[in-house]
Amino acid sequence: MQAIAAENNLAETAFVIRRTNHFDLGWMTPTVEVELCGHATLAAAHVIFQHRGYAESATRFQAQSGELKVTRSGDRLVLDFPSRPARETSVPNELIRSLGSYPQTLLEGRDYLAVFETEEEVAALRPDFELVAQVDKQGVVVTAPGRDCDFVSCYFAPQAGIPEDPVTGSTHCTLIPYWSRRLGKRHLFARQISRRGGELFCEDRGDRVGIGGSAVPYSEGKILLP
């Protein structure tokens, strides 16, 4: 699986195995296995629903991070993921050097969550990926209030083989509870402002979060194994 993911050279490749009452699900970056991934889960559910004739309204996955559910909601698929609130922490000098800018607030969980004042500050960041790879977390999430959405974010994880992820469902397990508390809203509309970018329709469900999005097929093919 790791060799296939390296050959694909995408942020993550999802691997699905059909079981009696659920699907086993795992994800690989080009270099490592990760324990939670949003957009590859969305893609896996899309394939199951649209290309494998799965008739139910929801599908259940078993993964390293526990049970995950994806539900059809009109044209969207909604991920039911664990909520992972972060705790505030001091800003290490190596993080400032890696981002080239000082955040308004820093929180930590699986990743560092660096909060800036404006969307423009986040969009202007040009991280030093060699330095980002040396921080003591899987990656660094940067976020700020959005101009035409509730919040924006970017995600840098070069130590996991992903200099910048285009859209990251797993980071929203932390972003949603943070912005829900800060803005006093359960339902949030978010943008990830990477070069490719993406929109996420979010819901704070207490100990879970809902993350809605759409999947569009762009390629079908076969992998030849030796």
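What follows is a dialogue on how terms are applied to this predicted model.

Modeller: Residues are numbered from 1 along each chain as its sequence is written, and side-chain values use heavy atoms, with hydrogens and water left out. Because the model is predicted, local features need pLDDT of at least 70 and side-chain atom pairs count only at pLDDT 80 or more, while totals for chains, interfaces and linings use all residues.

Colleague: What makes the protein as compact as a globular protein of its length?

Modeller: There are 6 helices and 15 strands in the protein; these are DSSP runs, helices being H or I of at least four residues and strands E of at least two, numbered from the N terminus. The radius of gyration, taken over C-alpha atoms, is set against the globule rule, 2.2 Å times the number of residues to the power 0.38. The rule gives 17 Å for 226 residues and the protein has 17 Å, so the protein is as compact as a globular protein of that length. Its C-alpha atoms fill a box of roughly 50 × 45 × 30 Å along the principal axes.

Colleague: Why is lysine 137 called buried?

Modeller: Buried means under 20% relative accessible area, exposed over 50%, and partly exposed in between, with a 1.4 Å probe and protein chains only. Lysine 137 has 16% relative accessibility, so the residue counts as buried. Buried residues make up 49% of the 226 residues in the protein.

Colleague: Where is lysine 137, and what does its charged end sit over?

Modeller: Lysine 137 is in the loop between α5 (129–132) and β10 (140–145). Its charged end sits over the ring of tyrosine 112, 5.7 Å from the centre. The term requires NZ of Lys or CZ of Arg within 6 Å of the ring centre and within 35 degrees of the ring normal. Arginine 76 is likewise placed over the ring of phenylalanine 201, with its charged end 3.5 Å from the centre.

Colleague: How do you know that phenylalanine 23 and tyrosine 54 are edge-to-face?

Modeller: The structure holds 7 aromatic pairs. In the pair of phenylalanine 23 and tyrosine 54, the centres are 5.7 Å apart and the planes are at 70°. Rings of Phe, Tyr and Trp (its six-membered ring) pair if their centres lie within 6.5 Å; planes under 30 degrees apart count as stacked, over 60 as edge-to-face and the rest as tilted. The two residues are 31 apart in the chain, phenylalanine 23 in strand β2 (residues 23–28) and tyrosine 54 in the loop between α2 (39–51) and β4 (58–63). Both phenylalanine 23 and tyrosine 54 are buried.

Colleague: Why is the pair of phenylalanine 49 and tyrosine 54 called tilted?

Modeller: The centres of these two rings are 5.9 Å apart and the planes are at 50°, so the pair is tilted. Ring pairs link Phe23, Phe49, Tyr54 and Phe61 into a cluster.

Colleague: What makes helix α6 largely enclosed by the rest of the structure?

Modeller: In α6 (residues 172–183), 9 of the 12 residues are buried, so the helix is largely enclosed. Among them are His172, Leu175, Tyr178 and Trp179. Glycine 184, with a positive phi near 70°, follows α6.

Colleague: Is glutamate 119 buried or exposed?

Modeller: Glutamate 119 has a relative accessible area of 8%, so this residue is buried. Glutamate 119 lies in helix α4 (residues 119–124), and its side chain reaches the backbone nitrogen of arginine 147 at 2.8 Å.

Key. A polar contact is a pair of N or O atoms within 3.5 Å; within protein, one must be able to donate a hydrogen and the other to accept it, and residues adjacent in sequence count only if both atoms are side-chain atoms.
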